[in-house]
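Dear colleague,

Please find below the structure that I am handing over to you.

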Amino acid sequence: MIKRKKLHTQERLTRRIVRRTTTRGTLLVIVAALLWATSGACGQYLLNVRGFPPDWVASTRILASGFVLTVIACIKNFSAVKQLLRTPKDMLITAAYGVFGMMLAQYAFLQAINASDSATATVLQYLGPIFIIVLVCIRHLRLPTIGEAVSIFLAVGGVFLISTHGNIHSLQISKPALIWGLLTAVGMVFFSVLPTRIAPKYGSITVAGIGMFCGGLVELFIVRPWQYEVSIDFKALLAWLGVSIVGTAVGYTLYMQGGADIGPSKASMIASIEPVTAALYNMIIGTPLVGWDYAGMACIITTIFILSIPSKQIKISFHPIKKTKPRRVA
């Protein structure tokens with residue numbers, strides 16, 4: 001009887017930890033999505049209003065973010081940084097996360113904004129969660145759960161309603177915008193999936209910092225930002241800090257930790273709240289919202305509540321260990 005009570009206590013404690021981890025991961029992903037929306041607005045100001053080259057913005061933002069996070073990681077936990085650098089397999093994953101995830105997603109996103117606008121780029125970016133769930137299902141040889149299927153339908157429907165107001169013919173994008181938008185979604189798959197195993201081991205700041213720095217170095221030699229002439233005043237500096245530090249350094253670090261807590265598929269779907277924030281930004285600057293916008297927001301927010309619930313398929317059970325008496329050797 002006493003053993004059963006201990007087992008029930010352990011099970012309740014473990015389930016409580018799972019709920020707290022799920023809640024923490026959900027909140028971190030939501031905050032990251034809000035910061036990304038802010039970064040998108042700042043990026044649109046730099047590109048479309050101030051005329052900054054997208055190559056210059058993309059290369060400087062990731063390099064600066066990677067440098068800042070790497071310095072913080074060295075101060076906070078230098079032993080984790082050394083361990084990561086001395087582990088070739090994990091370092092290769094971190095570099096791939098930085099190059100094929102962070103660098104590709106950020107560069108393609110800014111190019112999509114330059115070819116269209118931030119709203120269209122965000123819409124195309126959120127094809128990424130569909131790719132992620134498909135990959136997860138293929139990897140585990142399973143069909144999407146009911147919650148995942150409903151969330152995909154609601155997220156896609158919500159983004160569609162906000163971007164087109166129910167009219168599929170109202171979303172007109174150019175071929176470069178479509179290509180860059182799809183590449184942004186591919187980059188989202190990489191930066192969502194790759195760091196989930198190594199982030200808990202070394203820390204999200206360490207992995208994000210070194211990964212971004214690797215991606216920034218590669219992009220530095222490809223873009224060569226020193227060849228561009230840009231005029232930076234106080235407003236442009238604030239917008240650049242919003243893009244690089246707020247949206248990139250802080251946003252992607254929070255998202256990585258949230259993805260480690262709740263999994264890449266749930267994290268990418270919950271991050272669909274970013275178009276809702278973009279719509280609110282439009283309302284703040286004077287663009288009124290209509291019924292289609294509110295309907296799209298409701299769809300996307302509903303996915304957050306669905307995916308924030310711990311899966312019932314994961315059953316936690318404890319079994320008492322039977323003690324056996326050692327046999328005597330004759």
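Helices here are DSSP runs of at least four residues, numbered from the N terminus. Please bear in mind throughout that this is a predicted model.

I begin with helix H1, which covers residues 2-49 and includes Arg12. On the surface, Arg12 belongs to a patch of positive charge, where it gathers with Arg16, Arg19 and Arg20.

Side chains of opposite charge can pair when their charged atoms come close. The structure contains four salt bridges. One of them joins Asp261 to Arg24, with 2.8 Å between the closest N and O atoms. This pair connects distant parts of the chain, since Arg24 lies in helix H1 and Asp261 in helix H11, 237 residues apart.

Rolling a probe the size of a water molecule over the atoms shows where empty space is left. Two cavities of 30 Å³ or more were counted, and the largest cavity has a volume of about 140 Å³. Its lining is made up of 15 residues, of which Trp36, Arg61, Phe109, Gln125 and Tyr252 are the closest to the centre. Two or more lining residues are given by each of H1, helix H4 (88-115) and helix H11 (234-262). Helix H4 supplies the largest share of this lining, with five residues.

With kind regards

Key
Residues numbered from 1 in each chain as written. Predicted model: local features only at pLDDT ≥ 70, side-chain atom pairs only at ≥ 80, totals over all residues. Heavy atoms only, no water. Patch = residues over 30% accessible without salt bridge, like charges linked within 9 Å, V, L, I, M, F, W, Y side chains within 5 Å. Areas by Shrake-Rupley, 256 points an atom, 1.4 Å probe, with all protein chains shown as cover. Salt bridge = Lys/Arg side-chain N within 4 Å of Asp/Glu carboxyl O. Lys, Arg positive; Asp, Glu negative; His and termini not counted. Charge placed at Lys NZ, Arg CZ, Asp CG, Glu CD. 1 Å grid on protein atoms, 1.4 Å probe; cavity = no way out; pocket = protein on both sides within 12 Å on 5 of 7 lines; lining within 4 Å. Points joined across faces, edges and corners; volume = space filled by probe spheres on them.
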